[in-house]
Amino acid sequence: MIVLKAARELDYMRDAGRIVAETLREMEKAVEPGVTTADLDRKAEDYIRAKGAKPAFKGYQGFPATICASINEQVVHGIPGLRHLQTGDIISIDVGASVNDYHGDAAITLPVGEIDEELQRLLDVTRRSLEIGIEQAKVGNRLFDISHAIQNYVEGNGFSVVRQFVGHGIGKKMHEEPQVPNFGPAGRGPRLQAGMTLAIEPMVNAGTWEVETKEDQWTVVTKDRKPSAHFEHTIALTDDGPEILTRLHGK
């Protein structure tokens with residue numbers, strides 16, 4: 001069942017979303033060659049708790065950390081640890097936080113120092129595909145209008161969209177109905193309504209769309225070990241268009 005949010009619920013989600021966005025801003029400042037993903041995780045957890053929110057991922061279905069930190073060929077759900085970032089890497093950081101049990105969820109992929117031109121293009125295309133998907137999140141459209149817009153843009157730029165993992169509804173639960181694929185035909189799926197809240201998150205691979213899960217049962221990697229990028233926002237559908245809950249004002 002798709003849960004439509006009341007005004008007070010949206011206020012809680014705005015608060016959670018703002019803290020997620022601020023945490024990602026802190027991650028942008030902290031990412032540099034030599035830092036470990038465990039360092040980033042500690043910074044994120046400290047920031048979220050200092051703001052009076054709860055890290056939404058820590059303990060969720062057994063996940064052991066505050067952020068997902070996925071490097072290069074890692075797509076999503078990378079577990080922070082002692083690995084040091086190196087110049088030329090890319091790192092996808094996914095952050096969730098809850099305020100009064102309502103959630104925000106967002107992700108960015110960041111360069112570590114200088115990266116090559118094709119890697120930068122992967123990041124640019126993935127970020128833009130998220131924006132294009134959000135543009136379709138209008139009351140009266142169909143859910144798969146979002147999906148199709150993302151797929152069409154990504155594949156038109158020579159990259160591929162992951163099929164096994166998708167976006168989702170979000171609210172009092174981290175994952176709610178509906179699932180939000182990054183692929184599919186336009187004009188299908190539920191009709192979009194005001195009060196729906198969605199986490200839209202294109203995961204885009206440089207090579208094949210196929211992925212597999214590593215032995216830790218969390219870290220997802222591209223099957224061909226080519227790099228992957230991930231951008232995500234939590235949005236609310238309103239009669240005036242989509243409201244991005246995990247974007248800082250002015251950004």
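N157 is in contact with R121 and V125, leaving aside its neighbours within four places in sequence. This is a predicted model. The chain holds four helices and 15 strands. Of its 251 residues, 54% count as buried.

- N157 sits in the loop between α4 (143-156) and β6 (160-161).
- N157 counts as partly exposed because its relative accessibility is 24%, which falls between the 20% limit for buried and the 50% limit for exposed.
- R121, one of its contacts, is 36 residues from N157 in sequence.
- The C-alpha atoms of N157 and R121 are 9.2 Å apart in space.

**Overall shape and surface**

- The chain has a radius of gyration of 17 Å. A compact globule of 251 residues would have a value near 18 Å, so the two agree.
- Along the principal axes, the C-alpha atoms fill a box of roughly 45 × 45 × 35 Å.
- Take the contacts between residues at least 6 apart in sequence: 69% of them join residues at least 24 apart.
- The chain exposes about 11100 Å². Carbon and sulfur atoms supply 46% of that area.
- The chain carries 29 positive and 37 negative charges. The mean positions of the two sets are 4 Å apart.

**Nonpolar cores**

- In soluble globular proteins, nonpolar side chains tend to be buried together.
- The largest nonpolar core here has 51 residues.
- Those with the most contacts inside this core are L40, I91, I93, I146, L198 and I200.
- I93 is in contact with L24, M27, V31, L40, I67, C68, A106, A107, I108 and L110, leaving aside neighbours within four places in sequence.
- Another core, of 14 residues, lies apart from the largest one. Its members include L10, A65, Y102 and A236.

**V204 in strand β10**

- V204 lies in strand β10 (residues 203-205).
- V204 counts as buried because its relative accessibility is 0%.
- Leaving aside neighbours within four places in sequence, V204 is in contact with L122, T126, S129, V154, F159, S160, V161, P227, S228 and A229.
- Among these partners, S160 and V161 are the residues of β6 (160-161).
- V154 is also a partner of V204, and its number falls within α4 (143-156).
- I150 is 54 residues from V204 along the chain. Their C-alpha atoms are separated by 9.8 Å.

- V162 is found in the loop between β6 and β7 (167-169).
- V162 is buried, with a relative accessible area of 1%.
- Its contacts are V75, F183, M203, N205, W209 and V211, leaving aside neighbours within four places in sequence.
- M203 and N205 are among these partners, and both numbers fall within β10 (residues 203-205).
- V162 and S92 are 70 residues apart in sequence, with their C-alpha atoms 15 Å apart in space.

**I244 in strand β15**

- I244 is part of strand β15 (residues 241-244).
- I244 counts as buried because its relative accessibility is 18%, and the cut-off is under 20%.
- I244 touches I134, H233, T234 and I235, not counting residues up to four places away in sequence.
- H233 is eleven residues from I244 along the chain. The separation of their C-alpha atoms is 6.7 Å.

**Backbone geometry**

- A cis peptide bond joins E177 and P178, with omega about 5 degrees.
- P178 lies in strand β8 (residues 176-180).
- N72 has a positive phi of about 60 degrees although it is not a glycine.
- N72 lies in the loop between β2 (67-71) and β3 (74-76).
- N72 is buried, with a relative accessible area of 17%.
- Q217 is a residue other than glycine with a positive phi, near 70 degrees.
- Q217 is placed in the loop between β11 (211-213) and β12 (220-222).
- N72 is buried, whereas Q217 is exposed, with a relative accessible area of 62%.

Technical notes
Residues numbered from 1 in each chain as written. Predicted model: local features only at pLDDT ≥ 70, side-chain atom pairs only at ≥ 80, totals over all residues. Heavy atoms only, no water. Core = buried A, V, L, I, M, F, W, Y, C linked by side-chain atoms within 4.5 Å. Buried < 20%, exposed > 50% of the residue type's maximum accessible area, 1.4 Å probe, protein only. Contact = heavy atoms within 4.5 Å. Helix = DSSP H or I, 4+ residues; strand = E, 2+ residues; numbered from the N terminus. Rg over C-alpha atoms; globule rule 2.2 N^0.38 Å. Areas by Shrake-Rupley, 256 points an atom, 1.4 Å probe, with all protein chains shown as cover. Lys, Arg positive; Asp, Glu negative; His and termini not counted. Charge placed at Lys NZ, Arg CZ, Asp CG, Glu CD.
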